[in-house]
Amino acid sequence: MKYPKLRELKEAVRSLFSRPYTNDFPRQPHKPFERFRGKAQFSQEQCIGCTACVQVCPARALEFQDEVANGKGKRTLTIRWDICIFCGQCQANCPTEKGITLGNEFELSKTEERNTMRQKIEKELVLCECCSEIIAPKDQILWVARKIGPLVFSNVSLMLFYLANLGLSGTGHLQDKQEGELKRADRIKVLCPRCRREAVLKS
Ligand code: SF4
Ligand code: SF4
């Protein structure tokens with residue numbers, strides 16, 4: 001028969017007189033450690049709708065859908081908690097760093113339908129004033145404009161949209177849209193890259 005090692009015996013005796021390593025869950029709620037990766041949630045204010053998080057999500061727990069109707073566009077971003085693996089890639093790659101964050105919440109099991117385990121947020125889309133093509137979410141354009149400062153005046157569409165947002169110019173000439181080639185005046189509109197190229201080359 002082999003005798004226990006002295007080190008193990010010492011550990012066993014010590015544990016008789018020390019507090020347990022485990023906590024008294026569920027009577028005593030578990031307190032996650034610092035930097036714990038729990039439930040991920042979008043922030044309506046901090047998210048700019050760029051979809052970078054959707055591109056990097058390995059579990060495809062993030063989705064987006066664009067809708068255009070009556071000259072208005074909206075992007076819906078969805079996170080599905082039932083398939084999220086809490087890897088934190090979405091938060092790590094979010095350009096605003098606060099658009100989506102992983103909190104401390106870890107008790108996500110439910111008896112309800114799976115489709116209740118999701119969060120949706122909506123972002124207004126900016127459309128090309130000539131062809132109605134989606135350009136980007138409004139919040140994303142304004143975020144870029146603030147980021148680059150005076151360089152905003154180097155891009156006509158960006159400048160016009162930024163000034164319109166400050167109430168210093170108007171946008172939304174979709175109702176003036178005419179069939180056929182773009183005219184010289186169309187250059188002073190918020191345009192998608194294709195219409196911008198056409199307006200510059202053909203007018
Ligand atoms: S701002 Fe962040 S959270 Fe919002 S869509 Fe972009 S990457 Fe995702
Ligand atoms: S934590 Fe990972 S799996 Fe969950 S939404 Fe973010 S990127 Fe996707």
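A residue counts as buried under 20% relative accessible area, as exposed over 50%, and as partly exposed in between, using a 1.4 Å probe and protein chains only. Glu122, with a relative accessible area of 43%, is therefore partly exposed.

The model you see is predicted: local features need pLDDT of at least 70, side-chain atom pairs count only at pLDDT 80 or more, and totals for chains, interfaces and linings use all residues. Residues are numbered from 1 along each chain as its sequence is written, chains are lettered from A and ligands numbered from 1 in the order in which they are written, and side-chain values use heavy atoms, leaving out hydrogens and water.

**Exercise 1.** Find out how Arg14 and Glu11 are paired and where they lie.

*Solution.*
- Step 1: Recall that a salt bridge is a side-chain nitrogen of Lys or Arg within 4 Å of a carboxyl oxygen of Asp or Glu. Ten salt bridges are counted by this rule.
- Step 2: Check the distance. The closest N and O atoms of Arg14 and Glu11 are 3.7 Å apart, and the two form a salt bridge.
- Step 3: Locate the pair. Both residues lie in helix H1 (residues 6–16), three residues apart, about one turn of the helix. Helices (H or I, at least four residues) and strands (E, at least two) are DSSP runs, numbered from the N terminus.
- Step 4: Look at accessibility. Arg14 is partly exposed at 48%, and so is Glu11 at 37%.

**Exercise 2.** Decide whether Arg27 and Asp24 are exposed or partly exposed.

*Solution.*
- Step 1: Start with the contact: a salt bridge joins Arg27 to Asp24, with 3.4 Å between the closest N and O atoms.
- Step 2: Arg27 has a relative accessible area of 72%, so this residue is exposed.
- Step 3: Asp24 has 35% relative accessibility and counts as partly exposed.

**Exercise 3.** Work out which strands the Glu122 and Lys74 pair ties together.

*Solution.*
- Step 1: The side chains of Glu122 and Lys74 meet in a salt bridge, at 3.5 Å from N to O.
- Step 2: Glu122 belongs to strand E5 (residues 118–127) and Lys74 to strand E3 (residues 72–80), so the pair ties together parts that are 48 residues apart in sequence.
- Step 3: Lys74 is partly exposed, with a relative accessible area of 30%.
- Step 4: Now look at another group: Arg80, Asp82 and Arg114 are joined into one network by salt bridges that share partners.
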